[in-house]
Amino acid sequence: MHGVREDEPHGEPEYDDAAIRFLEALWGEGYLSPGGPEEVDRILAGVSLMGRTVLDVGCGSGGITLDLVERHGASHATGFDVEAPVVIAARRRAWERGLSQRVEFVQAEPGRLPFRNESFDVVFSKDALLHVPDKDALFADLWRVLKPGGLLAASDWLIGHDGEPSGDMKAYVAAEGLSFSMASPARYRAAMEKAGFVDVYTVDRNAWYRDVARAELDRLKGPLYAKVAAAVGEPYVDKNIRTWEAMQKVLDSGEHRPTHLRGRKPG
């Protein structure tokens, strides 16, 4: 749930130090979205990053970006995010792990990506694109920075339709308090194809996260509560328990649809 927002002038960060501490306690060091390294592996199933350059859009606090080099063999990875606190944390983590020569982190205001045309072999993103309202402009920009023959491999939090969100969905988004601009798998595919991507497909991950989120909620209410409360305070944890309860409703109904995305730039 980390961000690459371009919906409004950038003010206070949505992912501050407390949010980083909370989400990493839940999802693992350097991870601000669910599933850990195993879910990254699934997003990249069948894709070799060996010797390739990768852009991680919405990199959060950098755990995935570093994994793209350490575990997946990318020759160089660039993490991008609009949030300064997470980029600072990511740079510190890269230095601590001795990867500053192979990994860089770039922070910039929301909008057009600050990279030249045809800069990367692969664009990766995990659960960050939902913060960008204009899906056509988003995928056109991702297509722009890919080299011919390059690949987009991503996951994101989608909604099952493009109509009016249900009351439960509105309550969940309000509970998150983040700039969500969710759209359907069909809308994503259309935006990707309009940008020029071919071999576009999506993989629904609702059933997986429906069960994972329920386990996360049980951990927050039980064994994790004291540890996380010590880091961020009980009111912060209590608020997020209410958010997870609201999210569980829209996962169970099928309206909230985490989804994998894949597309290729011809060349």
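This is a predicted model: local features need pLDDT of at least 70, side-chain atom pairs count only at pLDDT 80 or more; totals for chains, interfaces and linings use all residues.
- The structure contains one cavity of 30 Å³ or more.
- The space inside the largest cavity comes to about 60 Å³.
- Its lining is formed by Pro34, Glu39, Lys126, Asp127, Ser155, Asp156, Trp157, Arg205, Trp208, Pro258, Thr259 and His260.
- Strands β5 and β7 (256-264) each contribute at least two residues to the lining of the largest cavity.
- Asp127, one of the lining residues, sits in the loop between β4 and α5.
- Aspartate 127 counts as buried because its relative accessibility is 4%, under the 20% cut-off.
- The phi angle of aspartate 127 is near 60°, a positive value in a residue other than glycine.

**Second largest pocket**

- The second largest pocket has a volume of about 190 Å³.
- Elements giving two or more residues to the lining of this pocket are α1 (17-27) and α4.
- Helix α4 gives the most to the lining of the second largest pocket, with six residues.
- The lining consists of Asp17, Ile20, Arg21, Glu24, Glu29, Pro85, Ile88, Ala89, Arg92, Arg93 and Glu96.
- By class, the lining of the second largest pocket has four nonpolar, no polar and seven charged residues.

**Nonpolar core**

- The largest nonpolar core has 86 residues, and Phe139, Leu142 and Trp244 touch the most other members.
- Strand β5 (residues 146-159) gives the most to this core, with eight residues.
- Leaving aside residues up to four places away in sequence, phenylalanine 139 touches Leu129, Leu152, Tyr188, Ala191, Met192, Ala195, Phe197 and Leu261.

- Helix α3 (residues 63-70) is largely enclosed by the rest of the structure, because seven of its eight residues are buried.
- The buried residues of α3 are Gly63, Ile64, Thr65, Leu66, Asp67, Leu68 and Val69.
- Cover for the buried residues of α3 includes helices α2 (36-43) and α4 (84-96), together with strands β1 (53-57), β2 (76-81), β3 (103-107) and β4 (120-126).
- Histidine 72 is placed in the loop between α3 and β2.
- With a relative accessible area of 16%, histidine 72 is buried.
- The histidine 72 side chain makes a polar contact with the side chain of aspartate 41 at 3.0 Å, and another with the side chain of arginine 71 at 3.5 Å.
- Not counting residues up to four places away in sequence, histidine 72 touches Val40, Asp41, Leu44, Leu49, Met50 and Asp67.

- Arginine 144 belongs to helix α5 (residues 135-145).
- The relative accessibility of arginine 144 is 11%, so this residue counts as buried.
- The arginine 144 side chain reaches the backbone oxygen of leucine 113 at 3.0 Å.
- Beyond residues up to four places away in sequence, arginine 144 touches Arg112, Leu113, Phe115, Arg116, Asn117, Glu118 and Lys265.
- Glutamate 118, one of these contacts of arginine 144, is found in the loop between β3 and β4.
- Glutamate 118 counts as partly exposed, with 43% relative accessibility.
- Although glutamate 118 is not a glycine, its phi is positive, at about 55°.

**Methionine 169**

- Methionine 169 is part of helix α6 (residues 167-176).
- This methionine counts as buried, its relative accessibility being 1%.
- Not counting residues up to four places away in sequence, methionine 169 touches Ile159, Met182, Val250, Glu255 and His256.
- Methionine 169 and glutamate 38 are 131 residues apart along the chain, and 28 Å separates their C-alpha atoms.

Note on methods:
Residues are numbered from 1 along each chain as its sequence is written. Side-chain values use heavy atoms; hydrogens and water are left out. A nonpolar core is a set of buried Ala, Val, Leu, Ile, Met, Phe, Trp, Tyr and Cys residues joined through side-chain atoms within 4.5 Å. Buried means under 20% relative accessible area, exposed over 50%, partly exposed in between (1.4 Å probe, protein chains only). Helices (H or I, at least four residues) and strands (E, at least two) are DSSP runs, numbered from the N terminus. Contact means heavy atoms within 4.5 Å. On a 1 Å grid over the protein atoms alone, a cavity is a set of points where a 1.4 Å probe fits but cannot get out, and a pocket is an open set with protein on both sides within 12 Å along at least five of seven lines; lining residues have an atom within 4 Å of a point. Grid points are joined across faces, edges and corners, and a volume is the space filled by probe spheres set on the points. A polar contact is a pair of N or O atoms within 3.5 Å; within protein, one must be able to donate a hydrogen and the other to accept it, and residues adjacent in sequence count only if both atoms are side-chain atoms. Ala, Val, Leu, Ile, Met, Phe, Trp, Tyr, Cys and Pro count as nonpolar, Asp, Glu, Lys and Arg as charged, and the others, Gly among them, as polar.
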